[in-house]
Amino acid sequence: MSLRYRTEFNETGDVLDPQTWNVNQNELTSEFNGGLDRDNFLAPSVFEGQIANFAFTAIRYSAGVALFTPTTTLRTWQRITGSYITGDFPQDCVIICEWGGTWTWGGAYVGTFNSEECVAFRIVVDGVDIATSHYFGESTRRNSTSLVGAVPISAGTHAIWAEVFFARVRHRDLQFVDDDVTRTFDIDVNEMLVEERRR
């Protein structure tokens, strides 16, 4: 254990005050509340079987789907089927979310030197994005991406999912063109992985 020193000492004739005793106990308690590491234990003193499952880390995942076909004419973020996770988290923690997918543009290329149809992806936790990709153009007929994001969350129920957005984007300034995306589009969806890290 790291060195901890008594800060209060009692002498004959002192008035007995519980707070004085608590100061020294709190010094010791603070070492155990989030401060346990290799400095506190000899190497062979704690074994894997002595630590309860999910004491420090838990993994959650979605099933994923073989194929997801979003509506390309919508100019809004769309939740990707097979990427959704919801559940109760028993204590405050940090979650690390990973998602990936491979997609194929259908039909003939309709881009020009000025603009082309594009797609972007993001990971969302309780409606707030924590990782967003750049836009991928249709000039690459088949492509893939992987997103990773981390965020602290409080104990309670939370929802995590991936979303997709379509737009026609100008090359010169990466701004949207008013035309809707009309191509067909299929995504092979990887599972969403959520690592829950506790202290």
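1. Accessible areas here come from the Shrake-Rupley method with a 1.4 Å probe, and for residues only the protein chains shown count as cover. On that basis the chain exposes about 12300 Å², of which carbon and sulfur atoms supply 53%.

2. This is a predicted model, in which local features need pLDDT of at least 70 and side-chain atom pairs count only at pLDDT 80 or more, while totals for chains, interfaces and linings use all residues. Residues are numbered from 1 along each chain as its sequence is written, and side-chain values use heavy atoms, with hydrogens and water left out.

3. The mean pLDDT (the predictor's confidence in each residue, from 0 to 100) is 83 for the chain, and 92% of its residues reach 70 or more. Confidence is lowest in helix α1 (residues 18-32), with a mean of 74, and highest in strand β7 (residues 128-132), at 95. Where pLDDT is low, the predicted coordinates should not be read in detail.

4. Taking helices (H or I, at least four residues) and strands (E, at least two) as DSSP runs numbered from the N terminus, the chain has one helix and 13 strands.

5. The radius of gyration, taken over C-alpha atoms, is 26 Å, whereas a compact globule of 199 residues would have one near 16 Å, by the rule of 2.2 Å times the number of residues to the power 0.38. Along the principal axes, the C-alpha atoms fill a box of roughly 90 × 35 × 30 Å.

6. Among contacts (heavy atoms within 4.5 Å) between residues at least 6 apart in sequence, 79% join residues at least 24 apart.
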